[in-house]
Amino acid sequence: MASARRVLVPLPDHDFDVTEVAVPWRMLTDAGHEVVFATEKGHMPAADPLLLTGVLFGKLGAEPEPRRFYGDLTLTQSFQKPLTWDAVTPSDFDALLLPGGHAPGMRQYLGSAALQAKVAAFWALQRPVAAICHGVLVLARTKDPATGRSVLHGTRTTCLPKYMERSAYLLTAWKLGRYYRTYPAYVEEEVVAALADPSHFERGPRVLSKRGTATDHAPAFVVEDGRYVSARWPGDAYLFTERFLKHL
């Protein structure tokens with residue numbers, strides 16, 4: 001196999017998506033690569049707890065396999081003792097992966113100017129970058145210092161589709177309020193606004209519940225543009241990571 005690569009995975013202190021972190025971690029480490037986590041202050045992070053127990057009546061949470069992967073992940077040194085965002089030297093890493101999540105704790109990660117500066121520096125290195133779901137927002141908000149535009153300007157991408165975000169919100173708002181609406185604008189709206197042309201956004205086939213697995217990619221959808229790989233939601237995580245692995 002190819003030589004081992006170091007993959008940087010920044011996270012908030014809490015509320016990230018279980019599947020979008022645990023599945024890539026498992027597949028990347030199984031392939032011999034090193035996954036390095038980073039949080040704002042170097043605190044051990046924690047996933048959105050509702051995704052581990054079931055969001056509503058035990059439903060809508062992570063599937064059993066990603067939950068098992070997450071349990072294994074929490075026992076690792078790299079997860080228990082992450083770097084701080086400030087301590088990250090982008091050139092020390094061969095690839096960058098930006099997971100998502102929709103609960104309120106994600107704002108720490110999605111809105112950080114300090115993290116965006118590190119992401120901009122990494123993007124300029126022309127090395128592989130992968131983003132899934134809300135993680136695409138980090139790239140949409142990251143500005144190229146030379147142009148002042150989003151680093152995604154001129155790039156094809158997908159992200160969490162508006163219909164999916166809206167459906168989850170409408171289904172659960174009576175019980176969970178704005179749990180599925182991290183920001184007033186929908187993820188898709190903000191991402192599309194950052195692109196050079198709306199046609200550069202790819203929504204993919206309509207899906208609301210069926211998820212891809214390690215052995216069935218039929219429900220999954222991924223967009224690749226050169227060294228950049230993007231996906232929509234946890235149901236794409238296995239195919240997303242498989243495509244990302246090819247760039248390593």
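The points below go by topic.

This is a predicted model, where local features need pLDDT of at least 70, side-chain atom pairs count only at pLDDT 80 or more, and totals for chains, interfaces and linings use all residues. Residues are numbered from 1 along each chain as its sequence is written, and side-chain values use heavy atoms, with hydrogens and water left out. Helices (DSSP runs of H or I, at least four residues) and strands (runs of E, at least two) are numbered from the N terminus.

**Largest pocket**
- The largest pocket holds about 570 Å³ of space.
- Its lining has 31 residues, and L60, Y180, L208, R211 and W233 are the closest to the centre.
- A pocket here is an open set of points on a 1 Å grid over the protein atoms alone, with protein on both sides within 12 Å along at least five of seven lines; lining residues have an atom within 4 Å of a point.
- Volume is the space filled by probe spheres set on the points, which are joined across faces, edges and corners.
- α1 (18-30), α2 (49-53), α3 (64-73) and α8 (162-176) each give at least two lining residues.
- α8 gives the most, with five residues.
- By class, the pocket lining has 14 nonpolar, ten polar and seven charged residues.
- Nonpolar means Ala, Val, Leu, Ile, Met, Phe, Trp, Tyr, Cys and Pro; charged means Asp, Glu, Lys and Arg; the others, Gly among them, are polar.

**Cavities**
- The whole structure has three cavities of 30 Å³ or more.
- A cavity is a set of grid points where a 1.4 Å probe fits but cannot get out.
- The largest cavity holds about 70 Å³ of space.
- Its lining is L8, P10, A38, W85, V88, P90, L96, L115, K118, V119 and F122.
- β1 (6-10) and α6 (113-123) are the elements that give two or more residues to this lining.
- α6 has the largest share, four residues.
- The cavity lining counts ten nonpolar, no polar and one charged residue.

**Helix α1 and its contacts**
- α1 and α3 pack at about 70 degrees, with axes 8 Å apart.
- Axes are lines fitted to C-alpha atoms over the stretch in contact, and angles run from 0 to 180 degrees between N-to-C directions.
- The two helices, α1 and α3, are therefore roughly perpendicular (65 to 115 degrees).
- V18, T19, V21, A22, V23, W25 and R26 of α1 meet P66, R67, F69, Y70, D72 and L73 of α3.
- Contact means heavy atoms within 4.5 Å.
- M27 also sits in α1.
- M27 touches Y238, T241, E242 and L245, leaving aside residues up to four places away in sequence.

**Aromatic pairs**
- There are six aromatic pairs, with ring centres of Phe, Tyr and Trp (its six-membered ring) within 6.5 Å.
- F37 and F79 pair edge-to-face, at 5.4 Å centre to centre and 90 degrees between planes; edge-to-face means over 60 degrees.
- F37 lies in strand β3 (residues 34-39) and F79 in helix α4 (residues 77-80), so the pair ties together parts 42 residues apart in sequence.

Key. Angles under 35 degrees count as roughly parallel, over 145 as roughly antiparallel, 65 to 115 as roughly perpendicular and the rest as oblique. Rings of Phe, Tyr and Trp (its six-membered ring) pair if their centres lie within 6.5 Å; planes under 30 degrees apart count as stacked, over 60 as edge-to-face and the rest as tilted.
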